[in-house]
Amino acid sequence: NLSKKSRYGITALIDLAVYAKDQCVQLSSIAERNNISVKYLEQIFESEKGGLVRSVKGPQGGYLLAKRPESITVADVIHALDGSYLLEDERSVVSGTDEKGISTAIQKLLFDQMNDQTDRLLKQLTLRNLVDSSMEYSQVGQEMYYI
């Protein structure tokens, strides 16, 4: 499962990519558009995690993306907010010896492959992909009907 922090972080970065093209965006605006608490966003944006965003001080201040959306991967976001997203090594979870090789088999055939697939997906999926897709989906159901 993605943590709430990562989900909201990804949402906030999509919002920044859409709305902070020409000017800074304030956390209150992101919070209002996405129904997220400003306090929670402050925690997510604290110390400009992972070099993904930068803050601008002053009356017209706010936040901007520190990189282009096509340069930010979902893996970057999750790593900055939650650390590793990979499944734990099964052998460290199961106590005792692995005489029958069960935990090694589980690790190699299940966890390692799941981690490889997850890592590959999250490293190739960019913020640009998410922005483009969200814009496409937001158009669904908004067809105009003329009589």
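User: R68 is in the loop between β2 (62-65) and α4. Why is R68 called exposed?

Analyst: The model is a predicted one, in which local features need pLDDT of at least 70, side-chain atom pairs count only at pLDDT 80 or more, and totals for chains, interfaces and linings use all residues. Residues are numbered from 1 along each chain as its sequence is written, and side-chain values use heavy atoms, with hydrogens and water left out. A residue is buried under 20% relative accessible area, exposed over 50%, and partly exposed in between (1.4 Å probe, protein chains only). R68 has a relative accessible area of 55%, so R68 is exposed. Its C-alpha atom is separated by 8.3 Å from that of A17, 51 residues away along the chain.

User: What makes G62 count as buried?

Analyst: The relative accessibility of G62 is 8%, and therefore G62 counts as buried. This residue is in strand β2. Between the C-alpha atoms of G62 and S28 there are 9.5 Å, although the two are 34 residues apart along the chain.

User: How do you know what is a helix and what is a strand?

Analyst: Both are DSSP runs, numbered from the N terminus: a helix is a run of H or I with at least four residues, and a strand is a run of E with at least two. The protein chain has seven helices and two strands. Along the sequence they follow the pattern α-α-α-β-β-α-α-α-α.

User: Why is N35 called exposed, and what is its phi?

Analyst: N35 has 71% relative accessibility, so N35 counts as exposed. Its phi is positive, about 55°, although N35 is not a glycine. N35 is found in the loop between α2 (27-34) and α3 (38-45).

User: How do you know that α1 is oblique to α4?

Analyst: The axes are lines fitted to C-alpha atoms, for helices over the stretch in contact, and angles run from 0 to 180 degrees between N-to-C directions. Helix α1 (residues 4-19) and α4 pack at an angle of about 130°, with axes 9 Å apart. Because of that angle, α1 is oblique to α4. Angles under 35 degrees count as roughly parallel, over 145 as roughly antiparallel, 65 to 115 as roughly perpendicular, and the rest as oblique. The crossing of α1 and α4 is right-handed; the term applies if the near helix is turned clockwise from the far one by less than a right angle, and left-handed applies if anticlockwise.

User: Why are α1 and α2 called roughly perpendicular?

Analyst: Their packing angle is about 110°, and their axes are 10 Å apart. The two helices are therefore roughly perpendicular to each other. α1 passes α2 in a right-handed crossing.

User: Which residues of α4 are buried?

Analyst: They are V74, A75, V77, I78, A80 and L81. Just after α4, G83 takes a positive phi of about 85°.

User: What makes a space a pocket, and how much space lies in the largest pocket?

Analyst: On a 1 Å grid over the protein atoms alone, a pocket is an open set of points with protein on both sides within 12 Å along at least five of seven lines, whereas a cavity is a set where a 1.4 Å probe fits but cannot get out. Grid points are joined across faces, edges and corners, and a volume is the space filled by probe spheres set on the points. The largest pocket holds about 210 Å³ of space. The elements that give two or more residues to its lining are α4 (74-82) and α6 (102-124).

User: How many lining residues of the largest pocket are nonpolar, polar and charged?

Analyst: Lining residues have an atom within 4 Å of a point, and here they include N1, I78, D82, Y85 and L122. Ala, Val, Leu, Ile, Met, Phe, Trp, Tyr, Cys and Pro count as nonpolar, Asp, Glu, Lys and Arg as charged, and the others, Gly among them, as polar. The lining divides into four nonpolar, five polar and one charged.
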